[in-house]
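Keep the viewer open while you read.

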Amino acid sequence: MRKSIQLMMNPCRVSVFTFICYVLMHGTILFVRGGKLETITALNVIENTHTDMCAYSAANLDLTLDFTLWNGYVNLAIYNSNYMTTLIYQNKGTLESYPDLTFFNLARNVVISGSPKVFSSGLAFEPSVFSRYKEFAPYAYYKNGVICLFDFSLAYEYQTSVEPEWYYNLKSRNWDNASSILSERHQRNGSIDIQDENTVMYFAQKEDGHWSQPYFDCGFSNIWLVTFSVPIFGQDATGQLVFKGVAFIDMNLNDTDINQCDLDEDEEYVDIFLNVFRGTHTCHPDTKCQFRPGLGFRTGGYNCLQVNGSLFNSEGKLLLILFGIGFQIFWTAW
C-alpha cells in the first residue's frame, strides 16, 4: 500500500514541494510580522502537556495576556488583603488572637463566591504575623465538588526562594508609594463618647496585584491555572509600611476556550483574555476558520470551512499539504 501511494504522488511531487515551501515561508513571515512566535510556542506547550509529565517538569506559558474581564474576581482577593491589613493594624502587627479557622473561612468564602472560575484561594503570611508559625498559608480549593481546606505551607515552602513569583514579586517590591487614606473614628463605650482617633491606613488596589503566567498545576490539580496575588500590609512602630504577606486566587483555565480564528471572525466569541491566540489557525487561505466553542483550554478548536460549505476540522491541514496545489486549483475552480 505504501508503494501505491508513492506512485500516485510522483506526478505532482514538485508541486507539493513548492506548495509546502510556500506555506512554511509564508507562515513564518506572518507569525514574525504579527508577533505570534511566542503564541505558537505556547500552543505547542498546551498541546503536548500531559499529567505524566509532572514527574520531571511543569509547563508555563510565556505570554502577555489581558485580564480585564476578570476584574470582578480579583476584587475578592483584594478584599481579603485589605481586611487582613486592617486586622493586623488593630492587633499591633500580629494576628495571634485569632483562631486558624478564621483565615481558612476567608479563603473558602472566596472560592464559593468565585465558583466555578475560581479554583482556589488563600492567604500567605510573613513569619512576624504568627509567632507559633514560621510559615502559615491557609488555602481552600475544589476537589470533586468539595471545598477542601489545607495549610499548603506544610507541603510547600513559599518563602525560601524566588521561585513562587506570586509571593516573591510582591515581597521584593518597593512599597514606599503604596496607597493610603486618613481614617477618622468616633466611638463610644456604653453611654460615654470616646475621643476621636485619626489613623493613616494603607490599602492595596488592583494595580498593586500580580498576575502569574498560565501554568499547568502538576501533581495537585493537574489543570491549567493562572494566579492573581495582592499584598497584605502592616506598620512598624513609626507608622511605616511593612509587607506582611499576600492574598491570592487561582483561576481555572481548563473550561476556557482557545479561539484560534481571526479577530474579524466569530466576533460573538471574542474573549479579551485569550485574544493572544487569535489568528493562529492553520486553515488553507482559500477556506474560512470557524470556531468550535466548548472544547476548553486546548488547541484545534475550529473547523476550516470551504467556499461550498463543507468542513475540515483543524487536523485537516494534513490533507491540504498532502494534495498541495491540486486542492488549491480545485477550490478555485469550484
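Does Asn222 count as buried, exposed or partly exposed? Asn222 counts as partly exposed, because its relative accessibility is 29%. Keep in mind that this is a predicted model. The protein has eight helices and 14 strands, and 42% of its 334 residues count as buried. Among contacts between residues at least 6 apart in sequence, 57% join residues at least 24 apart.

- Asn222 sits in the loop between strand S9 (215–216) and strand S10 (224–235). Its phi is positive, about 55°, although Asn222 is not a glycine.
- Lys92 also has a positive phi, near 55°. You'll find Lys92 in the loop between H4 and H5, and it counts as exposed because its relative accessibility is 78%.
- Asn144 is in the turn of the S2–S3 hairpin and has a positive phi of about 55°.
- Ser115 and Pro116 are joined by a cis peptide bond, with omega about 5°. Pro116 belongs to the loop between H5 and S1.
- For background, most residues other than glycine have a negative phi, and most peptide bonds are trans.

**Helix H5**

- Helix H5 covers residues 100–114. Its 15 residues should span 21 Å at 1.5 Å a residue, and the end C-alpha atoms are 22 Å apart, which agrees.
- Its buried residues are Phe103, Phe104, Leu106, Ala107, Val110, Val111 and Gly114. Looking down the axis of H5, these buried residues fall within an arc of 155°, so they line one face of the helix.
- On the face turned away from that buried side, H5 carries the exposed residues Leu101 and Ser113.
- What do the buried residues of H5 pack against? They pack against helix H4 (71–90), S1, S2, S3 and S11.

**Nonpolar cores**

- The largest nonpolar core has 63 residues, and Met84, Leu95, Phe125 and Phe277 touch the most other members.
- Setting aside neighbours within four places in sequence, Met84 is in contact with Leu95, Phe103, Leu106, Leu123, Phe125 and Ile232. Two of these contacts, Phe103 and Leu106, are among the buried residues of H5.
- There is also a second, separate core of six residues, including Cys289, Phe291, Tyr302 and Cys304.
- Asn303 is in strand S13 (residues 302–305), and it counts as buried because its relative accessible area is 13%, under the 20% cut-off.
- Asn303 and Cys289 are 14 residues apart in sequence, yet their C-alpha atoms are 5.8 Å apart in space.

**Aromatic residues**

- A search of the whole structure turns up 34 aromatic pairs. One of them is Trp166 with Phe248, a tilted pair at 5.0 Å centre to centre, with 45° between the planes.
- Why does this pair tie together parts 82 residues apart in sequence? Trp166 lies in helix H6 (residues 165–171) and Phe248 lies in strand S11 (residues 241–252), so the pair links those two elements.
- Trp166 and Phe248 are both buried.
- Both also belong to one aromatic cluster, together with Phe119, Tyr139, Tyr141, Phe152, Tyr156, Tyr158, Tyr167, Phe220 and Phe243.

**The S2–S3 hairpin**

- S2 and strand S3 (residues 146–151) run antiparallel and are joined by six bridges.
- The two strands form a hairpin with two residues between them.
- Ala140 stands opposite Leu149 in S3.
- As a general point, side chains in a regular strand alternate between the two faces of the sheet.

**Glu126, a buried loop residue**

- Glu126 lies in the loop between strand S1 (118–125) and strand S2 (138–143).
- Is Glu126 buried or exposed? Glu126 is buried, because its relative accessible area of 12% is under the 20% cut-off.
- Which residues is Glu126 in contact with, leaving aside its neighbours within four places in sequence? The list is Gln159, Tyr167, Lys171, Phe243, Lys244 and Gly245.
- Tyr167 and Phe243 from that list are also members of the aromatic cluster.

Key. Residues are numbered from 1 along each chain as its sequence is written. This is a predicted model: local features need pLDDT of at least 70, side-chain atom pairs count only at pLDDT 80 or more; totals for chains, interfaces and linings use all residues. Side-chain values use heavy atoms; hydrogens and water are left out. Helices (H or I, at least four residues) and strands (E, at least two) are DSSP runs, numbered from the N terminus. Buried means under 20% relative accessible area, exposed over 50%, partly exposed in between (1.4 Å probe, protein chains only). Contact means heavy atoms within 4.5 Å. Rings of Phe, Tyr and Trp (its six-membered ring) pair if their centres lie within 6.5 Å; planes under 30 degrees apart count as stacked, over 60 as edge-to-face and the rest as tilted. Two strands pair if DSSP finds at least two bridges between them. A nonpolar core is a set of buried Ala, Val, Leu, Ile, Met, Phe, Trp, Tyr and Cys residues joined through side-chain atoms within 4.5 Å. The expected span of a helix is 1.5 Å times one less than its number of residues. The arc is that of the directions from the helix axis to the C-beta atoms.
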